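Hi,

Here is the structure I promised to pass on. Please have it open while you read; my notes follow below it.

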Amino acid sequence: DLALWSGLAGGAETILIPEEGYDIDEIVNRLQSGTGRGKKHSIIIVAEGVMSGSSLADLLKEKAGIETRVSVLGHIQRGGSPSARDRVIASQY
């Protein structure tokens, strides 16, 4: 549900979830069509259980020569050391 709802809220062009199949050629066509209309970027959300973001990036590079950047949201969410305020709030909980 996280991938689906965050993709909808964030305006993703493609959302890959394990409950639905996907066609890599359709994704490539959608990306190339957007580029043809002047789009400079696209957002693709890949849920756990489908494939890794880097695997999809490799497929897109292989099939269409598309440059990608992969962000693993879990890594971003866990980053950083807690501040003193974070520790106090956690203790209060």
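Which residues does Leu 31 touch, not counting residues up to four places away in sequence? They are Ser 42, Ile 44, Leu 60 and Ile 66. Please keep in mind that this is a predicted model.

**The core**

Leu 31 belongs to the largest nonpolar core, which has twelve residues. Helix 2 gives the most, with four residues.

**Helix 2 against helix 3**

Two packed helices are described by the angle between their axes and the distance between the axes. For helix 2 and helix 3, the angle is about 70° and the axes are 11 Å apart. Angles of 65 to 115 degrees count as roughly perpendicular. Helix 2 and helix 3 are therefore roughly perpendicular to each other.

Which residues meet there, in helix 2 and helix 3? From helix 2 come Ile 24, Asp 25, Ile 27, Val 28, Leu 31 and Gln 32. From helix 3 come Leu 56, Leu 59, Leu 60, Lys 63 and Ala 64. By type, the residues of this contact divide into eight nonpolar, one polar and two charged.

**Thr 14**

Thr 14 sits in strand 1 (residues 14-16). Is Thr 14 buried or exposed? Its relative accessible area is 5%, and buried means under 20%, so Thr 14 is buried. The side chain of Thr 14 makes a polar contact with the side chain of Arg 30, at 2.8 Å. Leaving aside neighbours within four places in sequence, Thr 14 is in contact with Ile 27, Arg 30, Ile 43, Ile 44 and Ile 45.

**Gly 7**

Gly 7 is in helix 1 (residues 2-10). Gly 7 has 1% relative accessibility and so counts as buried. Not counting residues up to four places away in sequence, Gly 7 touches Ala 12, Ile 15 and Ile 45. Gly 7 and Ile 45 are 38 residues apart along the chain, and their C-alpha atoms are separated by 6.0 Å. Ile 45 is also among the contacts of Thr 14.

**Ile 66**

Where is Ile 66 found? Ile 66 is in the loop between helix 3 and helix 4 (73-78). Its contacts, leaving aside neighbours within four places in sequence, are Leu 31, Leu 60 and Lys 61. Ile 66 and Pro 82 are 16 residues apart in sequence, yet 38 Å apart in space, C-alpha to C-alpha.

**Two exposed residues**

Glu 20 is in the loop between strand 1 and helix 2. Exposed means over 50% relative accessible area; Glu 20 has 55% relative accessibility and therefore counts as exposed. Glu 20 and Gly 65 are 45 residues apart along the chain, with their C-alpha atoms separated by 25 Å.

Arg 85 is in helix 5 (residues 84-92). Arg 85 is exposed too, with a relative accessible area of 61%. The C-alpha atoms of Arg 85 and Gly 7 are separated by 31 Å, and the two residues are 78 apart along the chain.

Best wishes

Key: Residues are numbered from 1 along each chain as its sequence is written. This is a predicted model: local features need pLDDT of at least 70, side-chain atom pairs count only at pLDDT 80 or more; totals for chains, interfaces and linings use all residues. Side-chain values use heavy atoms; hydrogens and water are left out. A nonpolar core is a set of buried Ala, Val, Leu, Ile, Met, Phe, Trp, Tyr and Cys residues joined through side-chain atoms within 4.5 Å. Buried means under 20% relative accessible area, exposed over 50%, partly exposed in between (1.4 Å probe, protein chains only). Contact means heavy atoms within 4.5 Å. Axes are lines fitted to C-alpha atoms, for helices over the stretch in contact, and angles run from 0 to 180 degrees between N-to-C directions. Angles under 35 degrees count as roughly parallel, over 145 as roughly antiparallel, 65 to 115 as roughly perpendicular and the rest as oblique. Ala, Val, Leu, Ile, Met, Phe, Trp, Tyr, Cys and Pro count as nonpolar, Asp, Glu, Lys and Arg as charged, and the others, Gly among them, as polar. A polar contact is a pair of N or O atoms within 3.5 Å; within protein, one must be able to donate a hydrogen and the other to accept it, and residues adjacent in sequence count only if both atoms are side-chain atoms.
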